[in-house]
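This report describes selected local features of one model. Please keep the sequence and the 3D view open while reading.

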Amino acid sequence: MNLMQLIKLVLDDAYAAIVAPDDATKDAQIKVEMTNLSAEYGNLTSKACAPIDYSNAVKRFAYIYKYTVAHADYIMQLIKASNELRELLDKRSIEVACLGGGPGSDLLGILKFLIQTGAKDLSLKCYIFDKERAWGDSWSDVASLLKPPFQIYPVFQQMDITDATTWASYQKFLRADLFTLSYFLSEVWKIKDAAEPFFEHCLSQMKSGSMILFVDNNDSRFRDWFDAMSKRHKLVVIESAEGELCFSNDEEKDDLGVYFRKFGWPKRKSDAAWRIMAKG
Ligand SMILES: C[S@@+](CC[C@H](N)C(=O)[O-])C[C@H]1O[C@@H](n2cnc3c(N)ncnc32)[C@H](O)[C@@H]1O
């Protein structure tokens with residue numbers, strides 16, 4: 001099974017979890033939610049708008065379809081293009097911490113890279129941290145469905161980064177080889193003051209030699225925030241860039257099956273900023 005086929009199965013579950021009288025009603029609700037999400041992402045810097053709530057099953061389907069597919073591809077591309085990240089992942093045992101990684105994009109991107117490069121005989125432990133508990137269900141079956149030629153251990157842990165009582169006792173993820181922050185800082189920018197202690201904790205406690213892959217909307221408020229925190233913790237800048245990221249694999253869209261016919265292309269292009277940093 002390839003990754004898109006896996007995403008199709010996850011989407012099937014997410015679709016089945018939506019309670020509606022019939023498929024036409026579900027599809028109409030999903031299309032509305034895709035539009036809503038896009039409007040909400042346009043308001044990420046407006047403190048007047050509440051943080052996005054992913055507890056609704058329609059919204060989760062809309063997110064996985066529209067954004068997870070693209071973000072996973074961006075993560076794969078960024079890893080593939082970086083000698084340092086490729087080297088970091090070329091080990092028998094890898095631990096990754098995906099912060100704000102509930103929808104699975106970060107994990108899928110890493111898997112996509114490992115599968116494409118023919119990795120085998122390795123063990124990948126992936127801590128997925130997110131405020132929304134319901135994401136946990138989506139990815140718990142990844143290993144048994146995908147059956148890659150290596151071991152995957154996804155560990156979903158619910159935490160709200162603005163509430164230290166939910167994260168202070170998690171210790172093991174701090175020894176991860178790689179931390180991913182994919183479209184996470186932009187999401188919590190409006191609650192920056194409450195969110196920052198968590199990032200400070202991670203940056204100060206992560207082990208020497210570990211790396212961070214940050215990718216987000218190309219807005220100076222988000223990237224400056226990340227850059228300032230990285231600088232305070234004296235992270236080594238391996239790559240710092242802004243530009244367009246594109247996802248346009250024509251063959252893969254067929255694996256999205258009926259959903260592609262109903263909902264069209266997932267997000268395909270982003271004006272993005274990305275950083276690859278290492279702890280000295
Ligand atoms: C835009 S999504 C990014 C998801 C994924 N990393 C990606 O690239 O597609 C932002 C994620 O941050 C999570 N999130 C928002 N506020 C949070 C908080 N205070 N603590 C932990 N996670 C939070 C959301 O539930 C959501 O899954």
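The model is predicted.

Two packed helices are described by the angle between their axes and the distance between the axes.

| Pair | Angle between axes | Axis separation | Crossing |
|---|---|---|---|
| H2 and H3 | roughly 70° | within 9 Å | right-handed |
| H1 and H3 | about 165° | 9 Å | left-handed |
| H3 and H5 | roughly 45° | within 7 Å | right-handed |

Helix H1 spans residues 3-16, helix H2 residues 23-42, helix H3 residues 57-80 and helix H5 residues 105-116.

The axes of H1 and H3 make an angle of about 165°. Angles over 145 degrees count as roughly antiparallel, and H1 and H3 are therefore roughly antiparallel to each other. On the H1 side, the contact is made by Ile7, Val10, Leu11, Ala14 and Tyr15. H3 supplies Ala57, Arg60, Phe61, Ile64, Tyr65, Thr68 and Val69. By class, this contact of H1 with H3 has 10 nonpolar residues, 1 polar and 1 charged.

For H2 and H3, the axes cross at roughly 70°, and that makes H2 roughly perpendicular to H3. The residues of H2 that take part are Gln29, Ile30, Glu33, Met34 and Leu37. Their partners on H3 are Val58, Lys59, Phe61, Ala62, Tyr63 and Lys66. The contact of H2 with H3 divides into 7 nonpolar, 1 polar and 3 charged residues. Phe61 of H3 is listed in the contact with H2 and also in the contact with H1.

H3 and H5 cross at roughly 45°, so the two helices are oblique to each other. From H3, the contact uses Tyr67, Thr68, His71, Ala72, Asp73, Tyr74, Ile75, Met76, Ile79 and Lys80. From H5, the contact uses Ser105, Asp106, Leu108, Gly109, Ile110, Lys112 and Phe113. Sorted by class, the contact of H3 with H5 holds 9 nonpolar, 4 polar and 4 charged residues. Thr68 of H3 belongs to this contact and to the contact with H1.

**The ligand shell**

Which residues come nearest to the ligand? Of the 23 residues around the ligand, these are His71, Gly100, Ser105, Lys131 and Ser182. The largest share, 3 residues, comes from H3. By class, the shell has 9 nonpolar, 8 polar and 6 charged residues.

**Leu99, a buried strand residue**

Leu99 is located in strand E1, residues 93-99. Is Leu99 buried or exposed? Leu99 counts as buried because it has 27 C-beta neighbours inside 10 Å, where the cut-off for a buried residue is 20 or more. Apart from neighbours within four places in sequence, Leu99 is in contact with Phe129, Phe179, Thr180, Leu181 and Phe184. Leu99 and Ile161 are 62 residues apart in sequence, and their C-alpha atoms are 9.3 Å apart.

**Val32, an exposed helix residue**

Val32 sits in helix H2. Val32 has 12 other C-beta atoms within 10 Å and is therefore exposed, since 12 or fewer is the cut-off for that class. Val32 and Pro103 are 71 residues apart along the chain, and 19 Å separates their C-alpha atoms.

**Two loop residues with positive phi**

Asp121 is a residue other than glycine with a positive phi, near 55°. Asp121 lies in the loop between H5 and strand E2, residues 123-130. With 8 other C-beta atoms within 10 Å, Asp121 is exposed.

Lys234 also has a positive phi, of about 55°, although it is not a glycine. The loop that holds Lys234 runs between helix H11, residues 220-232, and strand E6, residues 236-246. Lys234 counts as exposed because it has 9 C-beta neighbours inside 10 Å.

Note on methods. Residues are numbered from 1 along each chain as its sequence is written. This is a predicted model: local features need pLDDT of at least 70, side-chain atom pairs count only at pLDDT 80 or more; totals for chains, interfaces and linings use all residues. A residue is near a molecule or strand if its C-beta atom, placed from the backbone, lies within 6 Å of it. Helices (H or I, at least four residues) and strands (E, at least two) are DSSP runs, numbered from the N terminus. Ala, Val, Leu, Ile, Met, Phe, Trp, Tyr, Cys and Pro count as nonpolar, Asp, Glu, Lys and Arg as charged, and the others, Gly among them, as polar. Axes are lines fitted to C-alpha atoms, for helices over the stretch in contact, and angles run from 0 to 180 degrees between N-to-C directions. Angles under 35 degrees count as roughly parallel, over 145 as roughly antiparallel, 65 to 115 as roughly perpendicular and the rest as oblique. A crossing is left-handed if the near helix is turned anticlockwise from the far one by less than a right angle, and right-handed if clockwise. Two residues are in contact if their C-beta atoms, placed from the backbone, lie within 7 Å.
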